[in-house]
Amino acid sequence: MKDATNLIANEAKSIVQAHLDRLGEPKDNTLSPEVKKEKFEQIKAELQKNNAVLVAHYYCDPEIQELAEATGGCVSDSLEMARFGRDHPATTLVVAGVKFMGETSKILSPEKTVLMPTLEATCSLDLGCPVDEFTAFCDQHPDHTVVVYANTSAAVKARADWVVTSSCAVEIIEHLDSLGEKIIWAPDQHLGRYIQKKTGADMLLWDGACIVHEEFRSRGIAQMKALYPDAAVLVHPESPESVVDIADAVGSTSQLIKAAQTLPNETLIVATDRGIFYKMQQMVPHKTLIEAPTAGEGASCRSCAHCPWMAMNELDAILDVMKKRDQEIFVDPALAERAKLPLDRMLNFTANLKR
Ligand code: SF4
């Protein structure tokens, strides 16, 4: 393993905490079937009227994913969301996810209107990687190739050479390592460390973290395994190293759904946002899915395996934004043009991987 240096992102943790404090306590979104049906019909009519399509992330609440499917939209990871939005003929994209996903859609489809149920939905990784600090860090290491995770602002992407998602990060870093390039990786330290371990690449790691995945604990999962000895453990690589180390399968949301289908185990302990259960259970209706335990409600956990920002994508907010068209994503065109280069690099690389 080559040397790695971790950079402490100044004040990143307090920025994230201040944002969480403003959100308040999680709400109960349970709806009766009648109310849900009525809202679905209203939103469907608005989508048609606006020539719009709903693009939702796996971590949204189940009814949002159901709505996207029922209206001809898509439910997927951030890479596929970006591709789907870019290639769909709709003139308006309604992105149910977090802000960087809306920005990515706008960068890839500048001619389209991109709306989000709320512009307040962000991500601790994005918040923890302020562009000024990150630029200063990159400037200190001009001989490094800058690779950033999709969970970053448009401004941070514009400073990067490559953007990656968790579904293609290992392959892209392997490729860069084979060219002998030294890499700056940001912002997720756990994913960075996982990739570094897998590829042996020379990587400088930013020290951001996802507030959802950081809460999983190997001890709790080991206790769960003792209760279900035949279960397989599925882990997203934004989780701490000790959790990744005890996994039977490690991967992005799409890769974990695939693992649920291919692993022989009838019981699966899943360490990622519980929003994934909607799609995963669809794919393996006969299997038992169990949420991996987190540090618990008494700890710093504000999500308990559900992203508080993803949870802001409510049906009422989608209906509202369709009517008012007020939560629109704008990205400065010059910045968007610069940020599109590393995004296109990723999309072209992954398209070649598929061939
Ligand atoms: S689950 Fe984590 S990485 Fe995903 S949007 Fe929420 S805070 Fe960001």
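At what angle do the axes of helix α9 (residues 169–178) and helix α10 (residues 189–199) cross? They cross at roughly 55 degrees and come within 10 Å. Details of that pair follow the overview.

## Model and conventions

This is a predicted model: local features need pLDDT of at least 70, side-chain atom pairs count only at pLDDT 80 or more, and totals for chains, interfaces and linings use all residues. Residues are numbered from 1 along each chain as its sequence is written.

## Overview

The chain has 16 helices and 13 strands. Both are DSSP runs numbered from the N terminus: helices are H or I with at least four residues, strands are E with at least two. Of the 355 residues, 48% count as buried. Buried means that 20 or more other C-beta atoms lie within 10 Å of the residue's own; exposed means 12 or fewer, and partly exposed is in between, with C-beta atoms placed from the backbone.

Contacts are pairs of residues whose C-beta atoms, placed from the backbone, lie within 7 Å. Take the contacts between residues at least 6 apart in sequence: 66% of them join residues at least 24 apart.

## Helix pair α9 and α10

The angle makes α9 and α10 oblique to each other. Angles under 35 degrees count as roughly parallel, over 145 as roughly antiparallel, 65 to 115 as roughly perpendicular, and the rest as oblique. Axes are lines fitted to C-alpha atoms, for helices over the stretch in contact, and angles run from 0 to 180 degrees between N-to-C directions.

α9 passes α10 in a right-handed crossing. A crossing is right-handed if the near helix is turned clockwise from the far one by less than a right angle, and left-handed if anticlockwise. On the α9 side, the contact is made by A169, V170, I173, E174 and D177. On the α10 side, L191, I195, K198 and T199 take part. An α-helix has 3.6 residues a turn, so residues three or four places apart point the same way.

## Helix pair α4 and α5

Helix α4 (residues 78–87) packs on helix α5 (residues 99–108) at about 40 degrees, with the axes 9 Å apart. This crossing is right-handed. α4 contributes S78, M81, A82, G85 and R86 to the contact, and α5 contributes M101, T104, S105 and L108.

How many of the residues of α5 are buried? Ten of the ten are, so α5 is largely enclosed by the rest of the structure.

## The four-stranded sheet

An open sheet runs in the order β11-β10-β12-β13, with parallel pairing. β11 (249–250) and β13 stand at the edges with a single partner strand each, so one side of each has no neighbour in the sheet. Two strands pair if DSSP finds at least two bridges between them.

β10 (residues 232–235) and β11 pair over two bridges, in the parallel sense. β10 also pairs with β12, again parallel, over four bridges. V235 has bridge partners on both sides: V250 in β11 and A271 in β12. Four bridges join β12 to β13 (residues 288–291), and these strands run parallel. T267 stands opposite T288 in β13.

Is β12 enclosed or open? Four of the five residues of β12 (residues 267–271) are buried, so β12 is largely enclosed by the rest of the structure.

## Helices around the sheet

β12, helix α14 (residues 277–283) and β13 make a right-handed β-α-β unit. Right-handed here means that, with the strands pointing away from the viewer, the path from the first strand over the helix to the second runs clockwise.

Helix α11 (residues 218–227) lies across β10, β12 and β13, running at about 170 degrees to β12. Helix α13 (residues 253–262) lies across β10, β11 and β12, at about 165 degrees to β10.

## Backbone details

The peptide bond from A186 to P187 is cis, with omega near -5 degrees. N51 has phi near 45 degrees and lies in the loop between α2 (33–49) and β2 (52–57). With 12 C-beta neighbours inside 10 Å, N51 counts as exposed. R325 has phi near 50 degrees and lies in the loop between α15 (315–324) and α16 (333–354). R325 is partly exposed, with 13 other C-beta atoms within 10 Å.

Methods:
Two residues are in contact if their C-beta atoms, placed from the backbone, lie within 7 Å.
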